[in-house]
Amino acid sequence: RPPDHARIQLPEARLGGGYEIGLINAIQLVKAFNQQSQQQAELYVIGSVSDELRQYWDTNAGVKITWAGVVPHAEIPAHNRSAHLLFSADLNAACPNSVLEAMACGLPVIAYATGALPELVGDQGGRVAPYGANFWNLEPPDPTLLVPEIQVVLDNYSEFQRGARQRAEEHFGSHRIVDQYLEVLLSD
């Protein structure tokens with residue numbers, strides 16, 4: 001189990017200019033978790049964020065945010081291993097690389113059950129929960145639905161670390177993907 005202070009990582013290439021909805025959802029989730037849990041969490045944001053947006057949220061978020069900035073791709077595994085959870089803020093995501101990279105590093109994923117996220121995460125790689133609103137209209141999610149799932153992961157952290165890595169290897173390893181492509185390409 002992680003220490004009393006959990007690090008929830010939000011990977012986003014660029015935040016701002018209309019793409020800050022993931023950041024807003026992550027802040028609301030961490031805030032709800034901190035209110036409902038005996039543990040506390042910080043939000044760890046990887047990506048390009050303007051100074052104005054950082055200053056605004058540092059003043060108004062009500063949760064601890066660490067801004068890692070843009071991180072070279074080669075350093076992503078180290079960041080994944082320093083976090084306790086990855087929050088995939090994508091709505092209706094097809095196959096976000098950040099989810100697969102996190103699970104490959106043994107970092108459990110938490111997300112709302114939209115797009116392919118339930119299929120990617122499965123039961124081993126972390127937890128998903130209903131969005132609780134109409135995401136097609138970009139209504140804000142109900143973070144209280146994901147908070148209990150976060151607690152399940154943190155309470156069984158070692159199992160979810162192993163499960164995330166195992167799921168990545170078994171379902172998304174390069175050998176498996178290559179075999180599936182060859183099967184499709186070479187079939188009659």
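How exposed is Arg127, as a relative accessible area? Arg127 is partly exposed, with a value of 23%; here buried means under 20% relative accessible area, exposed over 50%, and partly exposed in between, computed with a 1.4 Å probe on protein chains only. The legends below describe a predicted model, in which local features need pLDDT of at least 70, side-chain atom pairs count only at pLDDT 80 or more, and totals for chains, interfaces and linings use all residues. Residues are numbered from 1 along each chain as its sequence is written, and side-chain values use heavy atoms, with hydrogens and water left out.

**View A. The salt bridge between Glu149 and Arg127.** The side chains of these two residues meet with N and O 3.2 Å apart. A salt bridge is a side-chain nitrogen of Lys or Arg within 4 Å of a carboxyl oxygen of Asp or Glu, and the structure holds five of them. Glu149 belongs to helix H6 (residues 147-155) and Arg127 to strand E6 (residues 126-129), so their contact ties together parts that are 22 residues apart in sequence. Helices (H or I, at least four residues) and strands (E, at least two) are DSSP runs, numbered from the N terminus.

**View B. The salt bridge between Arg7 and Glu42.** The distance from N to O in this pair is 3.5 Å. Arg7 lies in strand E1 (residues 5-15) and Glu42 in strand E2 (residues 40-49), so the pair ties together parts that are 35 residues apart in sequence. Both Arg7 and Glu42 are buried, and the relative accessible area of Glu42 is 5%.

**View C. The salt bridge between Lys64 and Glu42.** The closest N and O atoms of this pair are 3.9 Å apart. Lys64 sits in the loop between helix H2 (51-60) and strand E3 (65-69), whereas Glu42 is in strand E2, so the pair ties together parts that are 22 residues apart in sequence. Lys64 is partly exposed, at 48% relative accessible area. Through shared partners, salt bridges join Arg7, Glu42 and Lys64 into one network.

**View D. The pairing of strands E2 and E3.** The two strands run in the parallel sense and pair over four bridges; strands count as paired if DSSP finds at least two bridges between them. Tyr44 stands opposite Thr66 in E3.
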